[in-house]
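Please look through the sequence and the model first, then read on.

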Amino acid sequence: MSDKKTKKERKAEANRKYYLANREKKTKKRNRTEYMRKWRLANSDYQKEWRLANSDYHKEYNRKRYLANKDRLAEYNRETSKTWYLNNKDKKFKYNKIYNLKNKDKIHEYRKVYQQSEVGKKSSRISRWKKYGIKDFNIIKYILSEKFPSLGTGFYNDNFNTIHRIFTIQKICSVCYKTFDTENQIDWKCIDHEHQNGYMRRICCNVCNLTVIK
Ligand SMILES: [Zn+2]
């Protein structure tokens, strides 16, 4: 008669033993948690007072907890708001409509300020470029100057942020070398791009963009 047990059986037995030994402990713990929860609800003033008396500690504790769970929290918030939006699209639409009507002047004022700010200008420029068909490839081909190709034919990394940075830095037209004059519409900066694929080619003045390059 063999009394040998397989590894799996031994493990199951051990688990069972552990469960039986700790069952009571677990229940106790659960009861205690429940008891504390009830106590906290019944004595909410005590908690408030404690927080006020130990506000520095409380702030520090919350900050630490927030930092430790930042990513998880952000992910959770993103997911929940997304699901909520998908389930309540009509509600949201109605709410927005009412809000917009109620706050018409405020929104108008806010938009005016935003459009004149640097962030607003950048955003409207980028959306204009998108409309023209300029693409934010992983790499963009960029010519700073045809006269001095060594200066600036290069590949720049990524996205509209980079394109916009170059756009704001450049002070002269890549074709006629005139200094850009933002007051005068003729000398406005333009992005010349390849129409087949949306590659940005160069930054030039309005005149050069319309006449010289086709
Ligand atoms: Zn020019």
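What pattern does the chain follow when read along the sequence? The order is α-α-α-α-α-α-α-β-α-β-α-β-β-α. The model is a predicted one, and its secondary structure comes to 10 helices and 4 strands. Of the 214 residues in the chain, 19% are buried. Among contacts between residues at least 6 apart in sequence, 45% join residues at least 24 apart.

**Helix pairs**

| Helix pair | Angle between axes | Axis separation |
|---|---|---|
| α2 (residues 44-53) and α3 (residues 55-68) | about 95° | 5 Å |
| α5 (residues 89-102) and α6 (residues 104-116) | roughly 80° | within 5 Å |
| α7 and α9 | about 110° | 11 Å |

Helices α2 and α3 pack at about 95°, which makes α2 roughly perpendicular to α3. On the α2 side, the residues that meet α3 are Trp-50, Arg-51, Leu-52 and Ala-53. Their partners in α3 are Ser-55, Tyr-57 and His-58. By class, this contact of α2 with α3 has 4 nonpolar, 2 polar and 1 charged residues.

The axes of α5 and α6 cross at roughly 80°, so α5 is roughly perpendicular to α6. Helix α5 contributes Tyr-99, Asn-100, Leu-101 and Lys-102 to the contact, and α6 contributes Lys-104, Lys-106 and Ile-107. The residues in this contact of α5 with α6 divide into 3 nonpolar, 1 polar and 3 charged.

Another residue of helix α5 is Lys-92.

The crossing of α7 and α9 is right-handed. From α7, the residues Lys-122, Arg-125, Ile-126, Trp-129 and Lys-130 take part in the contact. They meet Phe-160, Asn-161, Ile-163, His-164, Phe-167 and Thr-168 of α9. Sorted by class, the contact of α7 with α9 has 5 nonpolar, 3 polar and 3 charged residues.

**The nonpolar core**

Which residues have the most contacts inside the largest nonpolar core? They are Trp-129, Cys-173, Ile-191 and Ile-203, in a core of 16 residues. The elements that give two or more residues to this core are α7 (118-132), α9 (160-169) and β4 (200-205).

**A residue with positive phi**

Where does Tyr-177 lie? Its place is in the loop between α9 and β3 (189-193). Tyr-177 has a positive phi of about 65°, although it is not a glycine. With a relative accessible area of 28%, Tyr-177 is partly exposed.

How values were computed
Residues numbered from 1 in each chain as written. Predicted model: local features only at pLDDT ≥ 70, side-chain atom pairs only at ≥ 80, totals over all residues. Heavy atoms only, no water. Axes fitted to C-alpha atoms, helices over the stretch in contact; angles between N-to-C directions. Parallel < 35°, antiparallel > 145°, perpendicular 65-115°, else oblique. Contact = heavy atoms within 4.5 Å. Nonpolar A, V, L, I, M, F, W, Y, C, P; charged D, E, K, R; others polar. Core = buried A, V, L, I, M, F, W, Y, C linked by side-chain atoms within 4.5 Å. Buried < 20%, exposed > 50% of the residue type's maximum accessible area, 1.4 Å probe, protein only. Left-handed = near helix turned anticlockwise from the far one by under 90°.
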